[in-house]
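Take a look at the model first, and then walk through the points below.

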Amino acid sequence: MSDKSTLGIEAMQKGDFEKAAGYFSEAIEENPKDAVCYVNFGNLLAAVGEFEKAITFFEKSLELDANTTTAYYGAGNVYYNSEQFQSAQKMFLKAIQKGMDHSDVFFMLGMSYVQMEQPLPALPYLQRAVELNEEDTEAHFQYGLCLAQQESLNEAIRQFQIVVEQDPNHADAYYNLGVGYAFKEDAKKAMDMLDQALSIQPDHDMAANLKQLMQTL
């Protein structure tokens, strides 16, 4: 990576987008055939909400080198943030096919399917995301939700347990544990989990409603 690109990334990490844009422009001028320079500029444009321009830079990167996995990933994020989930899914899948093996890309591909209300195809990608990064609490949570939708209750409960171990204030995970135990007809555990959710978030309507329902049974 050129010095200008490195300086641009450092400026971007500090939130100095104007300075980063200057460095990235110089990097492109010095290395107009370097696909990564265009990815960096695309990421910068995406960060400031210039989504259409960002896509143009990612496309330029891929014209120069069709194997630039970070360009597919960057474009996927732009489409995802623009709620164009089908386009996002295609880009994340392409990044993986071209060799990207990072938990983030598997998580984002899984989430693209989740947003399209397709939990079944999301499952293997969310599973891979948690395998590659066991500390990713949100990936465990989303994986748990997809498992629950497929009625894999024991495995879903295991994922939600990991979530609350990693983040003891995750009210939604406690709520989902409550749902899981209710389905398993373990009323005491279910109530304990719902109480925990409500102690963290007293206005958690779904937890309150389920607790009320269970008390009437």
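This is a predicted model: local features need pLDDT of at least 70, side-chain atom pairs count only at pLDDT 80 or more; totals for chains, interfaces and linings use all residues.

- Setting aside residues up to four places away in sequence, Glu138 touches Phe107 and His170.
- Glu138 and Val163 are 25 residues apart along the chain, yet their C-alpha atoms are separated by 7.7 Å.
- Thr137 also has its place in helix H9.
- Thr137 is buried because its relative accessible area is 18%, and the cut-off for buried is under 20%.
- Apart from neighbours within four places in sequence, Thr137 is in contact with Val163, Gln166, Asp167 and His170.

**Helix H9 as a whole**

- H9 has 13 residues, which at 1.5 Å a residue should span 18 Å; the end C-alpha atoms are 19 Å apart, so the two agree.
- The buried residues of H9 are Thr137, Ala139, His140, Phe141, Gln142, Tyr143, Gly144, Cys146 and Leu147.
- Their cover includes H7, helix H8 (119–132), H10 and H11.

- H10 runs over residues 153–166, 14 residues in total, and reaches 20 Å from its first C-alpha to its last, close to the 20 Å expected at 1.5 Å a residue.
- Buried in H10 are Ala156, Ile157, Gln159, Phe160, Ile162, Val163 and Val164.
- An α-helix has 3.6 residues a turn, so residues three or four places apart point the same way.
- Helix H9 (137–149) and helix H11 (171–183) are among the elements that cover the buried residues of H10.
- How do H10 and H11 lie relative to each other? Their packing angle is about 150 degrees, with the axes 9 Å apart, and H10 and H11 are therefore roughly antiparallel.
- The crossing in which H10 passes H11 is left-handed.
- On the H10 side, the contact is made by Leu153, Ile157, Phe160, Gln161, Val163 and Val164, and on the H11 side by Ala173, Tyr174, Asn176, Leu177, Gly180, Tyr181 and Phe183.
- By class, this contact of H10 with H11 has ten nonpolar residues, three polar and no charged.

**Helix H11 with helix H13**

- H11 packs against helix H13 (residues 205–216) at an angle of about 25 degrees, and the axes are 10 Å apart.
- That angle makes H11 roughly parallel to H13.
- H11 passes H13 in a crossing that is left-handed.
- Tyr175, Gly178, Val179 and Ala182 of H11 meet Met206, Ala207, Leu210 and Met214 of H13.
- The residues of this contact of H11 with H13 are seven nonpolar, one polar and no charged.

**Helix H5 with helix H7**

- Helix H5 (residues 69–81) and helix H7 (residues 103–115) pack at about 30 degrees, with axes 11 Å apart.
- H5 is thus roughly parallel to H7.
- Their crossing is left-handed.
- Tyr73, Asn77 and Tyr80 of H5 make the contact with Asp104, Val105, Met108, Met111, Ser112 and Gln115 of H7.
- The contact of H5 with H7 holds five nonpolar, three polar and one charged residues.
- Asn77, which is found in helix H5, counts as buried because its relative accessibility is 18%.
- Leaving out residues up to four places away in sequence, Asn77 touches Phe92 and Met108.

- Most residues other than glycine have a negative phi.
- Glu83 has a phi near 65 degrees, a positive value in a residue other than glycine.
- Where is Glu83? Glu83 lies in the loop between H5 and helix H6 (85–97).
- Glu83 counts as exposed because its relative accessibility is 62%, and the cut-off for exposed is over 50%.
- Glu117 is not a glycine either, and its phi is positive, at about 60 degrees.
- The loop that holds Glu117 is the one between H7 and H8.
- Is Glu117 buried or exposed? With 71% relative accessibility, Glu117 counts as exposed.

Technical notes: Residues are numbered from 1 along each chain as its sequence is written. Side-chain values use heavy atoms; hydrogens and water are left out. Helices (H or I, at least four residues) and strands (E, at least two) are DSSP runs, numbered from the N terminus. The expected span of a helix is 1.5 Å times one less than its number of residues. Buried means under 20% relative accessible area, exposed over 50%, partly exposed in between (1.4 Å probe, protein chains only). Contact means heavy atoms within 4.5 Å. Axes are lines fitted to C-alpha atoms, for helices over the stretch in contact, and angles run from 0 to 180 degrees between N-to-C directions. Angles under 35 degrees count as roughly parallel, over 145 as roughly antiparallel, 65 to 115 as roughly perpendicular and the rest as oblique. A crossing is left-handed if the near helix is turned anticlockwise from the far one by less than a right angle, and right-handed if clockwise. Ala, Val, Leu, Ile, Met, Phe, Trp, Tyr, Cys and Pro count as nonpolar, Asp, Glu, Lys and Arg as charged, and the others, Gly among them, as polar.
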